[in-house]
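Subject: Structure handover

Hi,

Here is the structure I promised to pass on. Please have it open while you read, as my notes follow below.

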Amino acid sequence: MKRPLVYVLALSSISVLLFALLIYHFTTNIDPQTIGTEAAAGKKVWESKGCIECHAVFGNGGYAAPDLTKTFAVRGENWLADFFRDPPMRRPSNKKRHLGLSDKEIPEMIQYLRSVSQIRLLDWPPAPILPPSREGE
Amino acid sequence: MTAMPRRRWLHILVTLPAILYRSLPHLFRRRQRQSPEHNAPKEYPSQKAALPYCFTAVLIFAVQGLVATLGALDLVFPDLPSPISFQVGRAIHLNLSVYWPLLGSMGMGYYFFVQEAQTDLHSRTLALGQFWVFALTFGSIITALLLGYTAGREYLEALPMLKLGIILALVLFCYNLARTYAKAKPSHSRLVLAGMLTGALFILAQYVPNLFSFVHPSIENVVRFWVVHMTEEMSLELLDISAFVGLLLIFSPKRRTSLQRILAVNIVLTIIGGVFATGHHYYWIGSTGEWLWIGGVFSFIQMLGILVLAYLGYRGIPTNWQELRQADRLVLALGGSSIVYHVAGAGMLGLIMSIPEWNRYTHGTYLTSAHAHLALFGAVGMLVLTGATYILTKQTELTRSEIIRSWSGFLILNAGLLLMSTMLIIAGVLQTYLWRVTGMGFMDTHALLRPYLIIRAAGGALFALGDFLFVSALVTVTWRRLGLRVFVIH
């Protein structure tokens, strides 16, 4: 091989170009309206508090606490507001509380979690395969 | 007992020390004659540019083991007293795991690039300047994280203005390599150089967009995986595997043609597989369905690249271990470990998890964490340690204490990593079944995983102990040989 760098860079360029086309297709199919101004502010709160170290969104993040992708859809606005206003203990700790948020940050974070829960994810997270337990009925 | 046997014993007792005394120099000469240094390529003064990079990288690696173990303990015993919160500790752990291999890879890059280019580096001053830019930026990143300043993006927690320092260091690295490439007139193919330079350019290209934070979480994840996946599994691989070939060529110089052919195949598969297999991270982030088959198919191609790497190791790692120096045996043992982790942890486990219908259930469980540990510390980390150990122990005979510490450290390091990963795999399988299949709540499932996570923390402690022993041996060798001159390139 006389000029390997040319070949390697050519292969890299073709791969990156095709990948860029796929990314372009991906991003043009995303609804930009999903994230409003308040949700964008909520994302900043999410980032500044380092929530990703314990929680995950879209399954990406920490493993210590629940994935919050569908939390808004499951828990609802009031439950979330109460949680952030008066945070409970962080399981399994008996001493450490979950971080609380200010009155300004609470609606922003809720809007962010609402927006995240509205993004279509090809039916992920999956519903449990086994039927729910009927004990106690 | 008769007189005759007594005389024979006396004869043996008298002559044995003489035989040993006479044979020792022969043994010593034989070892010197068969040492790979005899076949080693010409030394260039600018190869010393690699020393501060490799030395600092292994020091950070030692800190990494300790921080990770404390974090794993905090996860299972959250009420233990700790000077920092769990989220700060994890952010530091992730950043250490990104930047020490990058720093070590830069050192390996400089050393083996010069060797293969058969000419000195374009600028040694630039290389030293780049080292201090990187080191100061890295120090600032860790300090900022300790003080609670985070960008809040997993693996990319460094504040944007500090990421600029890393980008500057990468620009200097690429520039120095490119100028050296331009002036080089090697007597053999430039394939190893091309692999390293392309890897370096890719790292820079993938890091720059991550200077920005994107409002839409889907786009944010698209860009984030250019570093989290592409840099780790393609760009660093290109740089490190090409440098690894440069190392193997020292031990097996007659196999140059064969190793270069295998490397060429590896480079093609690593680029194609590495770029498009990023798709397996795009399955559930709000993408369209085509990523399901793109990610799945190209993850298989990525696995083929890893099998080619295994073949490269098989062809390149010499078998005449008895004739090698202790330090070189250690170097090759590290290289072999890296290949095993490449095949088993990064490759097989990664491929199984990339099957879309399986990934639907395993995604976000401890299986992902097991894969990350095996790929980052096992595959990439061991490869960086391979190069760093060679560079730091070159032309130095290890003392008895250093041999014991380095080999026991190497074995304990591997035992710790295997224990840790096995527990994470068991926890991941259980978590998938209980959480995803039966529908048990996340925290209830997590409580049931606790025994496995405690053993995982013990594995982490073992890893940290091995890490400490290994690095202490490397530090004493380097210090004995160079002292503070390790930071002086000229």
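Before the rest, some housekeeping. This is a predicted model, in which local features need pLDDT of at least 70 and side-chain atom pairs count only at pLDDT 80 or more, while totals for chains, interfaces and linings use all residues. Residues are numbered from 1 along each chain as its sequence is written, chains are lettered from A and ligands numbered from 1 in the order in which they are written, and side-chain values use heavy atoms, with hydrogens and water left out.

**Backbone**

A:Pro125 is joined to A:Trp124 by a cis peptide bond, with omega about 0°. Another cis bond links A:Arg91 and A:Pro92, with omega about 5°; A:Pro92 belongs to the loop between α4 and α5 (105–118) of chain A. In chain B, B:Gln118 has a positive phi, near 55°, and is found in the loop between α3 (86–117) and α4 (124–146). B:Tyr155 also has a positive phi, near 75°, and is in the loop between α4 and α5 of chain B. As a reminder, most residues other than glycine have a negative phi, and most peptide bonds are trans. B:Gln118 is partly exposed because its relative accessibility is 31%, whereas B:Tyr155, at 15%, counts as buried (buried is under 20% relative accessible area, exposed over 50%, partly exposed in between, with a 1.4 Å probe and protein chains only).

**The interface**

Chain B and chain A bury about 5,900 Å² between them, 68% of it on carbon and sulfur atoms (buried area is the accessible area, 1.4 Å probe, that two parts lose on being put together, summed over both). In chain B, the residues that lose the most area to chain A are B:Asp79, B:Gln87 and B:Met443, together 10% of what that side buries. Counting contacts (heavy atoms within 4.5 Å), 76 residues of chain B meet 61 residues of chain A.

The rule finds four salt bridges across this interface (a side-chain nitrogen of Lys or Arg within 4 Å of a carboxyl oxygen of Asp or Glu). B:Asp444 and A:Arg91 meet in a salt bridge through their side chains, at 3.2 Å from N to O. Helix α7(B) supplies the largest share of the side of chain B that touches chain A, ten residues. That side divides into 41 nonpolar, 22 polar and 13 charged residues (Ala, Val, Leu, Ile, Met, Phe, Trp, Tyr, Cys and Pro count as nonpolar, Asp, Glu, Lys and Arg as charged, and the others, Gly among them, as polar).

**Charged pairs worth a look**

B:Arg153 is in the loop between α4 and α5 of chain B and is buried, with a relative accessible area of 3%. Among its contacts beyond four places in sequence are A:Glu47, A:Ile52, B:Asn210 and B:Glu220. A:Glu47 in turn forms a salt bridge with A:Lys43, the closest N and O atoms being 2.7 Å apart. These two are separated by about one helical turn because they are four residues apart in helix α2 (residues 37–48) of chain A, and both are buried.

B:Glu116 and B:Arg256 form a salt bridge with closest N and O atoms 3.0 Å apart. Shared partners in salt bridges join A:Lys43, A:Glu47, B:Arg153 and B:Glu220 into one network. B:Glu43 pairs with B:Lys394 in a salt bridge, also listed with closest N and O atoms 3.0 Å apart. This pair ties together parts that are 351 residues apart in sequence, so look for B:Glu43 in the loop between α1 (3–34) and α2 (50–76) of chain B and for B:Lys394 in the loop between α12 (366–393) and α13 (400–437) of chain B.

**The core**

The largest nonpolar core has 184 residues, of which B:Tyr99, B:Phe112 and B:Tyr282 touch the most other members (a core is a set of buried Ala, Val, Leu, Ile, Met, Phe, Trp, Tyr and Cys residues joined through side-chain atoms within 4.5 Å). Helix α7 (residues 217–251) of chain B gives the most to this core, with 20 residues. B:Tyr99 has contacts beyond four places in sequence that include B:Phe134, B:Ile166 and B:Tyr207.

Happy browsing!
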